[in-house]
Amino acid sequence: MHHNIIDSLINMHYEKVYQVICLMFKDKTLSEDACQEAFYEAIKNIKKLNDISMFRPWVLKIAIRKASHLVKKSSKMELTDMIDNEKDISINVEQEALTKELQSETQELIKELDFPYRQVVVLKYHYDMQDKDIANFLDIPIGTVKSRLYRAKNIIKKKIMTANRRQGVRK
Amino acid sequence: MKQKDEFLDKLLSSEVKKAVDSMPSPDIERARTNIKKMLEIHIRRKYFAKRISTAVIIFFVFISGVLVGTSNTSIADIWFIKNIKSMFNDVLSIQTSTNINQAETFKEPETNMITEKEFLSIEKAETLIEYSIALPEYVPEEYNFYGVHIRSQGDNFSPIELRYSNKSNDYITITQIPLDTQLAISSNIRTNEASIETIQINNYEATIIVQESVTRLIWDDFRTQFIVEGTIGKEEIIKVGVSLNYQ
């Protein structure tokens, strides 16, 4: 493949894919490795891609797969589908909610979500993907996507409300 | 409730985007170099694998050729070698090259027309060629003389075909090819489909080939090559061959 095409594909998509992976996996080195491997694999097999406009979702999918694989391999992070529903969310929020504005607080709350929730939230709200597309993208049942989104939103909602309440008490 | 959900969706939509944007920027140059390096290694490996496989195939074919040629018995049992050997060994090649000093070479005019063979009488044929036609003293009883066909009319040394036929239109053909004519005759016969035997015809070595129902006897006396062919048995063909009376 011509070097110019490789350059433009990297220029156009690498940063965004890296940032999404970074937000999902919260590990800079892992994201870097996963993205590089994903781009290498995608460019190597680019002939299989019928529509070049689908390059970013395609490479992102590969990058997610690669990152998950790297995580499993190195056991650095535990990416489990088990989600602790009983986790006390108010402890962390208590101090932060008092000091942060709602918006920046929401960003932090997103980053604090458990990996399975964070993954679907990022795909849903960053790429405006439909539930069935997320299911297809992550190779999980659509019901799982819906329940993860519902729970993720509930967690965020609860945290925001708790934070607001504490801000109100403080004032 | 619905309004709250919509608000949360909007909030998440903008905040997730901001959260993504707030992530540290990657070192694109380093990534580019690494990706290109990986691609180069892949291309090099692919090219190398291609060359290696080509080299292996060439080497294998070469070795097979050498082994088949030298008939190395130690590896004779290897399936592939066995097949290659049988492929070559099962072919009988009969080749005759005739005199190339003949001054004039006759070429049959090229034509798209399909013409039936013209059969002449012995007398007529003898006026057209400059060598004497060998006639058999024996042909099986039911066969009668049908005619002589001159392959290249106008060529005094043209090969001829003597034909004998019976009532069921079976033929015995005796082809005579003068070896003074500029000719190269080559015929490959798969021996696993035919029975082949070497015999003596009037003190000349001859090959007798029986393939399906056709029997063919081939030999030459250094002046003429003879091919006796017909749907008759081996003994009968040999009798016809031996009885050929030529000077």
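Colleague: What is the area buried between chain A and chain B, and what percentage of it do carbon and sulfur atoms give?

Modeller: The size of an interface is often given as the accessible area lost when the parts come together. Please keep in mind that this is a predicted model. Here about 3,300 Å² is buried between chain A and chain B, and carbon and sulfur atoms give 68% of that area. Within the area that chain A buries against chain B, 18% is supplied by A:Gln36, A:Tyr40 and A:Tyr125, more than by any other three residues. The contact draws on 37 residues from chain A and 31 residues from chain B.

Colleague: How many salt bridges and how many residue pairs in polar contact are counted between chain A and chain B?

Modeller: There are 6 salt bridges between the two chains, and 13 residue pairs are in polar contact. Several elements of chain A give two or more residues to the side that touches chain B, namely helix 1, helix 2, helix 5, helix 6 and helix 8. Helix 1 of chain A provides the largest share, 13 residues. Sorted by class, this side of chain A has 17 nonpolar, 9 polar and 11 charged residues.

Colleague: Which residues does A:His126 touch, leaving aside those up to four places away in sequence?

Modeller: A:His126 belongs to helix 6 of chain A. Its partners are A:Val20 and A:Val121 in its own chain, together with B:Val16, B:Lys17 and B:Val20 across in chain B. One of these, B:Lys17, also forms a salt bridge with the side chain of A:Asp128, at 3.7 Å from N to O.

Colleague: Is A:His126 buried or exposed?

Modeller: A residue counts as buried when its relative accessible area is under 20%. A:His126 has a value of 12%, and therefore it is buried.

Colleague: How many helices and strands does chain A have?

Modeller: Chain A has 8 helices and 0 strands. Of its 171 residues, 47% count as buried. For contacts in chain A between residues at least 6 apart in sequence, 68% join residues at least 24 apart.

Colleague: Which residue forms a salt bridge with A:Glu41, and where do the two partners lie?

Modeller: The partner of A:Glu41 is A:Lys66, with the closest N and O atoms 2.7 Å apart. A:Glu41 is in helix 2 and A:Lys66 in helix 3 of chain A, so that the pair links parts of the chain 25 residues apart. Both partners are buried, A:Glu41 at 19% relative accessible area and A:Lys66 at 18%.

Colleague: Which parts of chain B does the salt bridge of B:Glu161 and B:Lys117 tie together?

Modeller: The two side chains meet at 2.9 Å, N to O. B:Glu161 lies in strand 4 and B:Lys117 in the loop between strand 1 and helix 4 of chain B, so the pair ties together parts 44 residues apart in sequence. B:Glu161 is buried, at 6% relative accessible area, whereas B:Lys117 is partly exposed, at 41%.

Colleague: How do strand 7 and strand 8 of chain B run, and how many bridges join them?

Modeller: They run antiparallel and are joined by 7 bridges. B:Ile199, for example, has B:Ala206 in strand 8 as its bridge partner. The hairpin of these strands has 2 residues between them, and B:Asn202 takes a positive phi near 50° there.

Terms used
Residues numbered from 1 in each chain as written. Chains lettered and ligands numbered in written order. Predicted model: local features only at pLDDT ≥ 70, side-chain atom pairs only at ≥ 80, totals over all residues. Heavy atoms only, no water. Contact = heavy atoms within 4.5 Å. Buried area = accessible area lost by both parts, 1.4 Å probe. Salt bridge = Lys/Arg side-chain N within 4 Å of Asp/Glu carboxyl O. Polar contact = N/O pair within 3.5 Å; in protein donor to acceptor, adjacent residues only side chain to side chain. Helix = DSSP H or I, 4+ residues; strand = E, 2+ residues; numbered from the N terminus. Nonpolar A, V, L, I, M, F, W, Y, C, P; charged D, E, K, R; others polar. Buried < 20%, exposed > 50% of the residue type's maximum accessible area, 1.4 Å probe, protein only. Pairing = 2+ DSSP bridges.
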